[in-house]
Amino acid sequence: MYSSLVRLQNTFGFFTTVAFAVALLISASDFLSVREPTVNVLKTTQLQVVKGRADYYSSKKEEYAIIKFTLDADLSSLFTWNTKQVFAYVTVEWPSAQSNNATNQAVIWDTIITAPSSDHLGNFSPSKLKRLRKSANGKGIDPSRGKLQIKNQRLKYPLTHPTGKLAQTEDMQLKLHYNVQPWVGFLSWNQNQDWGRWKALKNGLSKKFTLPAIKAKEQAKKKTTGGARA
Amino acid sequence: MLSALGNPRQAAAQLMNFGLILSTAFMMWKGLSVISDSPSPIVVVLSGSMEPAFQRGDLLLLWNRNLFTETSVGEVVVYNVKDKDIPIVHRVISKFGTGFVLLRRRPTAKLLTKGDNNDSDDTKLYAPGQNYLVREDIIGSVVGYMPFVGYVTIMLSEHPWMKTVMLGIMGLVVVLQRE
């Protein structure tokens, strides 16, 4: 009954119970913090469709879009003591031409915003890590990193469609999303409705736009060298 | 020490106890599997392709039901590729077509995934000739996260002698324990 083995077992059992209880409390504390992310500007600044190889690895020639956009958003309220990183991403969405139920959605740009305490886990270059460390100034939580101000950003991933057609696509819209990654607990995304203290992301959609027709061939060739590897 | 072996009643009780522990663990696993509709509701991260969000050894809780929404862009999903036994944890970066199931028709949306820490998308990880995933390839979306806990399983699978040692200790405990 009172062998050292039983004691060890009890200690370990108690330790895991306490650890899980603390983890549960920490993850529950997320719901107490106020989240009110805002978007000031989200608009396209350049639209173009070219035909060629969208990616270094792609084997077939297809239509792909070149989009540049400007974003001004404030996600700083997402950074709390349980925030490990915020993954912010911009998608382009458009309804499918064939059926009314189907939609198309693709990420064109994303960024990983680490909390200062998780900087060392990221795959950053030494210079960027140094810059991040300096900006945090020893703080564990740095909400100012949640302020995104991006001008004329080129897309990070080539935008193509399985059909190979993209020119003159209508009703396209950019949308800002985010995913909050906790240190422990539940992952959360941007919401369309308010949920307790978590407010919906307003103005997260750009105006609807239509992609132009394909550019002439010579120009397209010039563009591929610049736009292929973003 | 060997008194347990001399007393068949006690030995049987201990055996039952051990069986009970094992079956409880199994039932909890399968119960979680039924609730989340995922063959593997808890997975351990094995690679660093989602860093800094997930490190090796972190535990992920999966959910595989589409109650209100379709599996969509931005979700972190665990998927299987044909002829590969190790499931991959990556983020969905594009979705083309409909993913909604109507009257037993399978969702046909084409999904493309990418690891946050990787430079390019997963096309090269898929089976030859496969350019997209479909909903069926996915065994769950990540909803919960717990750091470090899964590292035990990585240690056990990378150092097989640990498995032997652990089984040995567990066996000894069962034999020696008196209650």
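pLDDT is the predictor's confidence in each residue, from 0 to 100. Keep that scale at hand, since the structure above is a predicted model.

**Exercise 1. Find where chain A can be read with confidence and where it calls for care.**

Solution. Strand β6 (residues 173–182) of chain A has the highest confidence, at 95, while helix α3 (residues 217–227) of chain A has the lowest, at a mean of 50. Then look at residues 226–230 of chain A, where the pLDDT is below 50; this stretch has seven contacts in the model beyond near neighbours in sequence. How should such a region be treated? Where pLDDT is low, the predicted coordinates should not be read in detail.

**Exercise 2. Trace the strands that pair with β6 of chain B.**

Solution. First locate the strand itself: β6(B) covers residues 138–146 of chain B. Now take its partners within chain B. Strand β2 (residues 59–63) of chain B runs antiparallel to β6(B), with five bridges between them. In this pairing, Leu61(B) stands opposite Gly144(B). Strand β3 (residues 76–79) of chain B is also antiparallel to β6(B), joined by three bridges. Here Val78(B) faces Gly140(B) as its opposite residue.

Finally, cross to the other chain. Strand β7 (residues 185–186) of chain A pairs with β6(B) in the antiparallel sense over two bridges. Which residue of β6(B) is the bridge partner of Phe186(A)? The partner is Gly144(B), the residue that Leu61(B) stands opposite.

**Exercise 3. Describe the contact between the chains from the side of chain B.**

Solution. Begin with the head count: chain A gives 34 residues to the contact and chain B gives 25. On the chain B side, β4 (88–97) and β6 each supply at least two residues.

Now follow β4(B) across to chain A. Strand β4 (residues 103–114) of chain A and β4(B) run antiparallel and are joined by four bridges. Within this pairing, Gln105(A) stands opposite Lys95(B).

Technical notes:
Residues are numbered from 1 along each chain as its sequence is written. Chains are lettered from A and ligands numbered from 1 in the order in which they are written. This is a predicted model: local features need pLDDT of at least 70, side-chain atom pairs count only at pLDDT 80 or more; totals for chains, interfaces and linings use all residues. Two residues are in contact if their C-beta atoms, placed from the backbone, lie within 7 Å. Two strands pair if DSSP finds at least two bridges between them.
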